[in-house]
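Me: I have a structure open and would like to go through it with you. Could we take it piece by piece?

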Amino acid sequence: MDYRKLLQLPQSCVHRLINHHLSWLGLVATLPLFGLVTAFAVAPNGDKPEPPRIDVESVTQRLALPVHTSSISTTPYWRDEQIQRGETLGRLLNRLGVGDGEAQRFLNSSPLSKNLLKLKAGQTLSVQTNDAGELFGLRFLNDDENGEMVMVAIEKANGEWRASADPLETQAIQTMRSVSIESGSASVALSRAGVPSDIRAQLNEIFADRFDLASLQPGDRINLVFESLLFNGSPIANGNLLAAEIERSGQSYRAYYFAHDSESGAYYDENGNSVKKGFSQQPVSGARISSGFGMRYHPVLHSLRMHKGVDYAAGTGTPIIAPADGVITTAETQSGYGNVVVIRHNTKMSTLYGHMSRFAAGMRAGKSVKAGELIGYVGSTGRSTGPHLHFEVRINDEAVDPSTAALPTPGLSASQRLAFRQTSVKLSSNLKLLRELPVTVAQLD
Ligand SMILES: [Zn+2]
């Protein structure tokens, strides 16, 4: 029996049904329905309508079952895998089906440092595999010796496992948030609105000289524009908070980020005046910042760098001074930071000085220091590639950008003012857009 003819289904439709995996089931299931329609269509249609006579005939037809081909695809695809507690790369490779000897041979011969291949529990890896469970490669993000985030790629080529570590190619986009304080604190409202904790810490510091963010009341509003760094289309890190506006008790406060160079910047109001005073001195006088803070996109290298402080370029033996009054909480030798001093300035803020060649006389925990007092000398102790001061600022134990949070904010030169005006006008129109949105939490990205 030719079902195609009987049902007069469009050939393309039949073709589609037959080619579809479970379509035979669907075709059989629809038969009674089509049969009924056909019956009405052939009923006699005279002047005197007679009740339609329906011939019912049972037909038993043996239908051949479609051949089910279980097609295990050999096409490789990527999926995510999480590192389990206590799992090493070798064990992970075993779990994914790579033989013990093979995984071990690869790990022993890998040109990458042991640190780059060290995995943390919960870390996500992308695994390239196929339906047959064959492993072709895996990729994950890790920090290299310089604190730069790199993409570690382990791939099988011509039967041999190979590894490489390269800077990430990321893309920076602007994320905008508008947050109304309804009830509760500003920090709860910001967190509910999905504003990341490092951006919240930056925001806290920008206006710290004027007011505490905790003093915001229901009805006040915060508008933010910040950088999100995307990798393969997914956000993996935040860059700078580019513009912030706080409407507090009917008064508006605005701040715009201006980069002095590729490594540091500060916040200015719409007239180009610095928003925050900061320390009155730098820890190394006259030195330039050779490496900036944070997870930031490097416009030339197209890479993402993660750095918890700033580095000052200075020769071994250059004096390091306390930039503000405080009490020393740490003066010791550590494996990473080398000779390191930590100063607590108030209940919220502390600063750290790493890689010193030596301490100034009398440096010990509990000692009070005054702004401008010598605390040690620039060096290259600990994990360091050359003489420099690694300087960190922590607010409530969260590392913040020293150049925007603590260091003296330099005034803008005439040409910098011009450049500032150009960037701030664009950011200001973004803030205006946010201001005019009549919702509690706005998200524009
Ligand atoms: Zn550093």
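Me: Which residues does Leu389 touch, not counting residues up to four places away in sequence?

Reply: This is a predicted model. In it, Leu389 touches Pro283, Val284, Asp311, Tyr312, Ala314, Ile320, Tyr353, His355 and Val378, with residues up to four places away in sequence left out of the count.

Me: Which residues of the largest nonpolar core touch the most other members?

Reply: They are Ile320, Val341, Tyr353 and Leu389, in a core of 33 residues. Strands β14, β15 (319-321), β16 (326-334), β17 (338-344), β18 (349-356), β21 (374-377) and β22 each supply at least two residues of this core. The largest share comes from β17, with 4 residues.

Me: Which residues does the second core include?

Reply: The second core is separate and has 32 residues, among them Val195, Leu242, Ala266 and Leu427. As a general point, nonpolar side chains tend to be buried together in soluble globular proteins.

Me: Back to β14. How many bridges join it to β22, and in which sense do they run?

Reply: Strand β14 is joined to β22 (residues 388-395) by 4 bridges, and the two run antiparallel. Within this pairing, Asp311 stands opposite His390 of β22. Strand β14 (residues 310-313) also pairs with β11 (residues 289-291), in the antiparallel sense and over 2 bridges. There, Ile289 is the residue opposite Tyr312 of β14.

Me: Changing topic: what is the strand order in the open sheet of 5 strands?

Reply: The order is β1-β2-β3-β4-β5, and the pairing is antiparallel. Strands β1 (77-82) and β5 (160-167) each have a single partner strand and stand at the edges, so one side of each lacks a neighbour in the sheet. On average, neighbouring strands of this sheet are turned by 20° against each other, direction ignored.

Me: And which residue stands opposite Trp78 in β2?

Reply: That residue is Gln128. Strands β1 and β2 (residues 124-129) run antiparallel and are joined by 6 bridges.

Me: Last topic, confidence. What pLDDT does the protein chain average?

Reply: The average is 80, and 82% of the residues score at least 70.

Me: Where does pLDDT stay under 50?

Reply: One such stretch is residues 1-46, for which the model has 15 contacts beyond four places in sequence. Residues 297-303 also stay under 50, and the model has 14 such contacts for them.

How values were computed. Residues are numbered from 1 along each chain as its sequence is written. Two strands pair if DSSP finds at least two bridges between them. pLDDT is the predictor's confidence in each residue, from 0 to 100. Two residues are in contact if their C-beta atoms, placed from the backbone, lie within 7 Å. A nonpolar core is a set of buried Ala, Val, Leu, Ile, Met, Phe, Trp, Tyr and Cys residues joined through C-beta atoms within 7 Å. A residue is buried if 20 or more other C-beta atoms lie within 10 Å of its own, exposed if 12 or fewer, and partly exposed in between; C-beta atoms are placed from the backbone. Axes are lines fitted to C-alpha atoms, for helices over the stretch in contact, and angles run from 0 to 180 degrees between N-to-C directions.
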